[in-house]
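Please read the points below with the sequence and the structure open beside you. They are meant for someone who is meeting this chain for the first time.

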Amino acid sequence: MKIIKETRERFGRFFYRFPEGESAADVFDRVSSFLESLWRDIDLNRLHSDSSQDLNLIIISHGLASRVFLMKWFKWTVEQFERLNNLGNCEIRVMELGHGGEYSLAINHSDEELLEWGLSPEMIKDQKWRIDGNKADWNDHCTWYLRSFFDYESDSEDDVERS
């Protein structure tokens with residue numbers, strides 16, 4: 001097990017697949033499908049019989065799937081995911097809808113809890129913004145997410161000449 005864990009640390013916790021197991025990347029694919037189905041069911045009103053009442057959902061899962069769910073929901077990067085600690089037995093995370101229409105962990109959980117779970121100060125700041133943040137301002141607010149897709153290093157002169 002020591003060798004397997006050392007290999008996982010070199011490979012990365014997100015991408016490493018245990019023998020006879022699955023990686024967090026595999027779980028990410030399953031969670032993505034689950035979320036697509038969940039949103040479709042919500043949009044088609046399959047889960048909500050009384051429109052005058054708020055819809056509350058409880059998702060029960062194991063630690064890896066829970067962390068991947070949060071990663072997918074909050075658009076965390078692989079690096080941010082790898083900071084996260086696994087949930088303890090019967091431990092919960094509460095996401096609540098904020099006033100601006102975004103879900104946040106910071107409504108029901110303290111900064112200390114979020115730090116213990118492995119959220120960086122930047123991730124905690126994002127969770128606090130989500131309490132009152134407006135979806136229309138998300139791209140301006142969450143620049144770390146956009147930076148994860150683009151290489152902002154300037155092109156070398158060789159690259160420019162070849163194009």
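1. Helices (H or I, at least four residues) and strands (E, at least two) are taken here as DSSP runs and numbered from the N terminus. On that basis the chain has nine helices and two strands, and from the N terminus on its elements follow the order α-α-α-α-β-β-α-α-α-α-α.

2. A word on the origin of the values: this is a predicted model, in which local features need pLDDT of at least 70 and side-chain atom pairs count only at pLDDT 80 or more, while totals for chains, interfaces and linings use all residues. Residues are numbered from 1 along each chain as its sequence is written, and side-chain values use heavy atoms, with hydrogens and water left out.

3. For the chain as a whole, 31% of the 163 residues count as buried, where buried means under 20% relative accessible area, exposed means over 50%, and partly exposed lies in between (1.4 Å probe, protein chains only). The accessible surface comes to about 11400 Å², and 49% of this belongs to carbon and sulfur atoms; such areas come from the Shrake-Rupley method with a 1.4 Å probe, and for residues only the protein chains shown count as cover. If a contact is taken as heavy atoms within 4.5 Å, then among contacts between residues at least 6 apart in sequence, 49% join residues at least 24 apart.

4. How many salt bridges does the chain have, if each needs a side-chain nitrogen of Lys or Arg within 4 Å of a carboxyl oxygen of Asp or Glu? The count comes to eight salt bridges. In one of them, Glu102 meets Arg130 at 2.8 Å, N to O, and this pair links distant parts of the chain, since Glu102 lies in the loop between β1 (96-97) and β2 (103-104) whereas Arg130 lies in helix α6 (residues 121-132), 28 residues apart. Both Glu102 and Arg130 are buried.

5. Arg130 also forms a salt bridge with Asp126, at 2.9 Å from N to O, and here both partners belong to helix α6, four residues apart, or about one turn of the helix. Asp126 is buried, as is Arg130. Through shared partners, salt bridges join Glu102, Asp126 and Arg130 into one network.

6. Arg93 takes part in two kinds of interaction. Its salt bridge with Glu91 has the closest N and O atoms 2.9 Å apart, and the charged end of Arg93 sits over the ring of Trp117, 3.5 Å from the ring centre; the rule for this asks that NZ of Lys or CZ of Arg be within 6 Å of the ring centre and within 35 degrees of the ring normal. Arg93 counts as buried because its relative accessibility is 17%, while Glu91, at 33%, counts as partly exposed.

7. The structure holds ten aromatic pairs, meaning rings of Phe, Tyr and Trp (its six-membered ring) with centres within 6.5 Å, called stacked if the planes are under 30 degrees apart, edge-to-face if over 60, and tilted for the rest. Trp39 and Trp73 are stacked, because their ring centres lie 5.4 Å apart and their planes at 25°. This pair links distant parts of the chain, with Trp39 in helix α2 (residues 24-43) and Trp73 in helix α3 (residues 63-74), 34 residues apart. Trp39 is partly exposed, with a relative accessible area of 38%, whereas Trp73 is buried at 17%.

8. Trp73 also pairs edge-to-face with Tyr103, at 5.4 Å centre to centre and 85° between the planes. Trp73 lies in helix α3 and Tyr103 in strand β2, so the pair ties together parts that are 30 residues apart in sequence. Tyr103 is partly exposed, with a relative accessible area of 27%. Ring pairs link Phe34, Trp39, Phe69, Trp73 and Tyr103 into a cluster.
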